Amino acid sequence: MGLLAFAIPIERSDRAVALILAIVVVTAVFDSASFFTGRSIGRTSLAPRLSPKKTLEGVLGGIVAAAVIGGVLGTVPWFDPLDTVSGLVLGGVAALFGLLGDLGESMIKRLLQVKDMGGVLPGHGGILDRLDSLLFVVPAAFYLFTWL
């Protein structure tokens with residue numbers, strides 16, 4: 001939970017809803033696009049010992065999708081202060097750190113020798129699999145927003 005605490009200073013900004021929603025959207029798009037691209041055209045295993053089904057093609061598809069949706073969000077006035085370039089950068093940051101969060105959670109599961117980290121979403125790895133990417137994306141986005 002400690003890493004998600006970086007959402008608190010973001011929440012205190014005057015554009016909190018737009019910024020947090022942008023983080024969640026680009027991260028979810030990265031996760032979903034990685035999954036579907038990997039399932040459809042994935043051939044090259046990315047980290048076979050940690051996450052055997054994760055593919056390089058899936059990750060590349062996720063990166064492209066996250067950058068595109070970030071750039072699109074940057075054109076929507078409601079997502080001010082994001083612009084097209086900062087939206088593209090947010091998409092890239094979400095992809096990079098989302099992947100690290102996902103692989104980190106996979107490593108923990110391998111060390112604990114469990115398939116799912118909970119029973120609420122059986123077959124989906126549990127709730128933590130839905131949040132693992134955000135654990136690393138939120139702090140990275142905080143520093144990105146501070147820098148921008």
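The count of salt bridges in this predicted model comes to 1. Its partners are the side chains of lysine 54 and aspartate 102, with 2.3 Å from N to O. The pair ties together distant parts of the chain, 48 residues apart. Lysine 54 sits in strand S2, residues 51-55. Aspartate 102 belongs to helix H4, residues 84-112. Are these two residues buried or exposed? Both lysine 54 and aspartate 102 are buried.

Turn next to the nonpolar residues. The largest nonpolar core holds 20 residues. Within this core, Ile10, Ala22, Ile23, Leu90 and Phe145 have the most contacts. Helices H2, H4 and H5 (127-147) each contribute at least two of its residues. Which helix gives the largest share? That is H5, with 8 residues.

Leucine 90 shows how the pieces meet. Setting aside neighbours within four places in sequence, leucine 90 touches Ala22, Ile23 and Val26, among others. Its contacts also include Leu82, Ala141, Leu144 and Phe145.

Now follow helix H2, which runs over residues 16-41. Why does an end-to-end distance of 37 Å between its C-alpha atoms agree with its length? H2 has 26 residues, and at 1.5 Å a residue they should span 38 Å, so the two values agree. Several residues of H2 are buried, including Ala16, Ala18, Leu19, Ala22, Ile23 and Val26. Further along, Phe30, Ala33 and Gly38 are buried too. The buried set also takes in Thr27, Ser34 and Thr37.

Conventions
Residues numbered from 1 in each chain as written. Predicted model: local features only at pLDDT ≥ 70, side-chain atom pairs only at ≥ 80, totals over all residues. Heavy atoms only, no water. Helix = DSSP H or I, 4+ residues; strand = E, 2+ residues; numbered from the N terminus. Expected span 1.5 Å × (residues − 1). Buried < 20%, exposed > 50% of the residue type's maximum accessible area, 1.4 Å probe, protein only. Salt bridge = Lys/Arg side-chain N within 4 Å of Asp/Glu carboxyl O. Core = buried A, V, L, I, M, F, W, Y, C linked by side-chain atoms within 4.5 Å. Contact = heavy atoms within 4.5 Å.
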